[in-house]
Amino acid sequence: MSMGSLKVEGVDGTGGAIRSCLRLMAASATILLGGCMPGPRYGGPPVIAMADKWSQQVEMVGTLDLSEWWHVFQDPTLDRLMELALARNLDLQQAGTRIAQARAASEAASGGFYPSVGISASTTLRRQSENGALPINSIPGIERDQTLNQTGFDASWELDLFGRLRNQVSALESRLEAAEDDARAARLSLAAEVARTYFEFRGSQRTLVAQNAALAILLRTGDIDRQRVSLGDLPAEELATVDAGIAAARAELPRTQAAMRNALFALGVLLARPPEAELALLESEPVPVPISALPVDGRADMLRRRPDIRAAERRLRASSAETGIALAEYFPRLTISAQAGFEALSDRGLFDEGSQEGSIVPLITWRLLDGGQIAAEVRVSRAREREASLAYEAAVLNALADTERGLNEDATALAAASLSRDARLANERFLAFAGERFRAGDVSRKDVLDAERRLLDAQIQEAQYETAALVARVSLFKALGGGWTEQSLLLEPEIDGRLDSR
């Protein structure tokens, strides 16, 4: 439904025509904006009843700095791997491209607040029929062949009377923030995966060293038993037991070696390099990493820090704004279009005063009868908003469960590692006593070898328990939301540059 058009006449020059049209647009906007009706306001995420403290006894601190938690392990190799992964990982770069897409969509929607202005110029060559509806030959001054020159500008502006554009921009800005938090969550997961894989490699490396040493002891024990059999001090059937033990020890080596290589292959891919890129670490020395109890902060600090919760809240806010977009469809849209320029049959008189033309057209469109489509669209938007609210609640509860499990597994793994360390120390003392008794002639060399083998078994167990404790600590750091800062998303501008260069 059009409210009409106004022809602009009697203005001086091109600038006068443009200024007159813009003044008319501004006057219309001033009158109509007085009736603006704001869209629904976002009321915040749902309140979730929960206790302030963790369910288990932990040492509490004020606020933890977990931005680069991997430095607490004081391992230069881990620091190097983490730096490479955070700079090169392909999943993280894909998250950066999603940020670039969301930012561009937000900026495009923001442009809807302003008039769209374009300029045009054209020359039309036309010939009219002498036998058509218009008797060209009988009209003085009108030639059959004409050249029509036109130039000017067109402007269009949709006034956001009922919050449709405002809610659209708000929704896209919230989607952009959610994309940024998704990238932070990807960074957090990547850091945890790099650390976990690295510690599993080191654990397998320590295990392999102890397994090789244990196999060497079994071989020496077998040599002693064979000498005793040759001397008649030991039945020959006892060698079968020795050989079975040696075979079992040898069978463990390939599995441990495969675990080491598989861990390094995984690290190579995490670093966006060929899988074999980090195989040189096979030649490095295993380094035990001591760990101790970790003080933590409160539940509220964790919930504020977790990027998945932040992203869920952003999506809830976006869904609320999208409900506002749907509600705005109940009301009319007002678009003001304006055109000003020059039209002439001769290029010499194109910019004369008499060649000026212009118009301004306020246009109202209103979906009065649509078979219930708007109502259905509003119900869809409200259902999506409810879904986003439930997703937020689920994200909070899952985060609490992740951290509770992380605290429990960390404490349990730390206690098991401590007990395995005590067992290894006890076996070291037993070996020392066995050595003294061997030198005193109270026990045989085989008894000392048995004590050495028991110590190596304890070392293997200690390596496995300490690896489990390190992996549990990494999982706890991830559950607490550590591994990113507001300034950590450095790759997205680089991706913008790559996209622009294409």
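The answer below turns to one glutamine and its setting.

Q: Where is Gln205 found, and with which residues is Gln205 in contact, leaving aside its neighbours within four places in sequence?

A: This is a predicted model, in which local features need pLDDT of at least 70 and side-chain atom pairs count only at pLDDT 80 or more, while totals for chains, interfaces and linings use all residues. Residues are numbered from 1 along each chain as its sequence is written, and side-chain values use heavy atoms, with hydrogens and water left out.

Gln205 lies in helix α4, which covers residues 164–231; helices here are DSSP runs of H or I with at least four residues, and strands are runs of E with at least two, numbered from the N terminus. Gln205 counts as buried because its relative accessibility is 4%, where buried means under 20% relative accessible area, exposed over 50%, and partly exposed in between (1.4 Å probe, protein chains only). The side chain of Gln205 makes a polar contact of 2.6 Å with the side chain of Arg202. Such a contact is a pair of N or O atoms within 3.5 Å; within protein, one must be able to donate a hydrogen and the other to accept it, and residues adjacent in sequence count only if both atoms are side-chain atoms. Apart from neighbours within four places in sequence, Gln205 is in contact (heavy atoms within 4.5 Å) with Met260, Leu281, Leu282, Ser284, Glu285 and Pro286.

As for the whole protein, 10 helices and 5 strands are present, and 41% of the 502 residues count as buried. Among contacts with a separation of 6 or more, 84% join residues 24 or more positions apart.
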